[in-house]
Amino acid sequence: MFGLLYASSVTVSIVIFVPFVYLPSFAHDRGASEFASAALVGIIGGASVAGRMGLGSLADRAGVVRLYQASFLVLALSFAIWMAAASYPMMVVFALVMGAGYGGYVALSPAVIAHLFGTQRMGTMLGALYTSGGIGAMVGPPIVGLIIDRTGSYRIAIACALAVALASFAFLIPLARYEPANESPIAREQAAPQP
């Protein structure tokens with residue numbers, strides 16, 4: 001189960017850092033000013049903060065695993081918006097949607113770990129899970145840069161990022177069938193009063 005979480009986190013991290021590197025140049029190549037192009041990164045950050053606060057508070061009502069999955073799906077589908085973006089306002093929409101999904105991923109990761117595995121070794125598990133972000137940041141932007149250099153097309157690179165982001169969501173689909181740690185038979189047995 002942790003392997004699925006880790007695989008999804010590595011694959012989503014590969015694409016998360018791509019807009020931070022390439023969205024400003026994409027926008028500038030399409031006529032946006034340098035300031036407007038750079039502002040898109042700030043919009044992603046602002047939407048991420050909003051996503052962290054909003055989705056974190058929704059987790060108890062919507063179900064933490066389901067909301068975590070939804071964050072990954074929203075993040076993945078945001079790349080379809082970027083791929084279709086022909087105007088600056090569409091790039092802003094991409095930045096808002098992508099940032100919200102990114103915020104959900106960051107905010108809900110600890111809650112998903114606690115939900116599925118309990119809190120006893122949560123620090124160790126989160127530390128291990130967060131190494132995936134470093135792997136993604138190291139791998140994603142250079143690969144996308146190589147695709148852009150070889151094909152001369154941002155659209156092909158964005159389509160590849162979309163496919164990788166959808167794979168990250170697919171890794172999470174089986175998690176819905178796992179019982180929460182506090183409801184598993186082992187946890188119930190450990191929580192039961194001892195005679």
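Biologist: Let's start with helix H3. Which residues in H3 are buried?

Modeller: In this predicted model, the buried residues of H3 are Val64, Val65, Leu67, Tyr68, Gln69, Ser71, Phe72, Leu75, Ala76, Ser78, Phe79 and Trp82. When you read such a list, remember that an α-helix has 3.6 residues a turn, so residues three or four places apart point the same way. With that in mind, trace Leu75, Phe79 and Trp82, which are among the buried residues of H3.

Biologist: Good. How does the length of H3 compare with what is expected at 1.5 Å a residue?

Modeller: H3 covers residues 64-84, 21 residues in total. From first C-alpha to last it reaches 31 Å, close to the expected 30 Å.

Biologist: Now zoom out for me. How many helices and strands does the protein chain have?

Modeller: The chain has seven helices and zero strands, giving the pattern α-α-α-α-α-α-α along the sequence. Its C-alpha trace spans about 75 × 30 × 25 Å along the principal axes. Of its 195 residues, 42% count as buried.

Biologist: What share of the contacts with a separation of 6 or more joins residues 24 or more positions apart?

Modeller: That share is 80%. Tyrosine 22 gives you a case to look at: its C-alpha atom is 8.1 Å from that of proline 141, although the two are 119 residues apart along the chain.

Biologist: Where is tyrosine 22 found, and why does it count as buried or exposed?

Modeller: Tyrosine 22 is found in helix H1, residues 2-29. Buried means under 20% relative accessible area, so tyrosine 22, at 16%, counts as buried. Leaving aside residues up to four places away in sequence, tyrosine 22 touches Trp82, Pro141, Val144, Gly145, Ile148 and Tyr154. Trp82 takes us back to the buried residues of H3.

Biologist: Which backbone atoms lie 2.8 Å and 3.2 Å from a polar atom of the tyrosine 22 side chain?

Modeller: The backbone oxygen of proline 141 lies at 2.8 Å, and the backbone nitrogen of glycine 145 at 3.2 Å.

Biologist: Last one, the surface: how much of it belongs to carbon and sulfur atoms?

Modeller: Carbon and sulfur atoms hold 67% of an accessible surface of about 9500 Å². As for charge, the mean positions of the 9 positive and 7 negative charges are 4 Å apart.

Definitions and conventions:
Residues are numbered from 1 along each chain as its sequence is written. This is a predicted model: local features need pLDDT of at least 70, side-chain atom pairs count only at pLDDT 80 or more; totals for chains, interfaces and linings use all residues. Side-chain values use heavy atoms; hydrogens and water are left out. Helices (H or I, at least four residues) and strands (E, at least two) are DSSP runs, numbered from the N terminus. Buried means under 20% relative accessible area, exposed over 50%, partly exposed in between (1.4 Å probe, protein chains only). Contact means heavy atoms within 4.5 Å. Accessible areas come from the Shrake-Rupley method with a 1.4 Å probe; for residues, only the protein chains shown count as cover. Lys and Arg count as positive and Asp and Glu as negative; His and the chain ends are not counted. The place of a charge is taken as NZ of Lys, CZ of Arg, CG of Asp or CD of Glu. A polar contact is a pair of N or O atoms within 3.5 Å; within protein, one must be able to donate a hydrogen and the other to accept it, and residues adjacent in sequence count only if both atoms are side-chain atoms. The expected span of a helix is 1.5 Å times one less than its number of residues.
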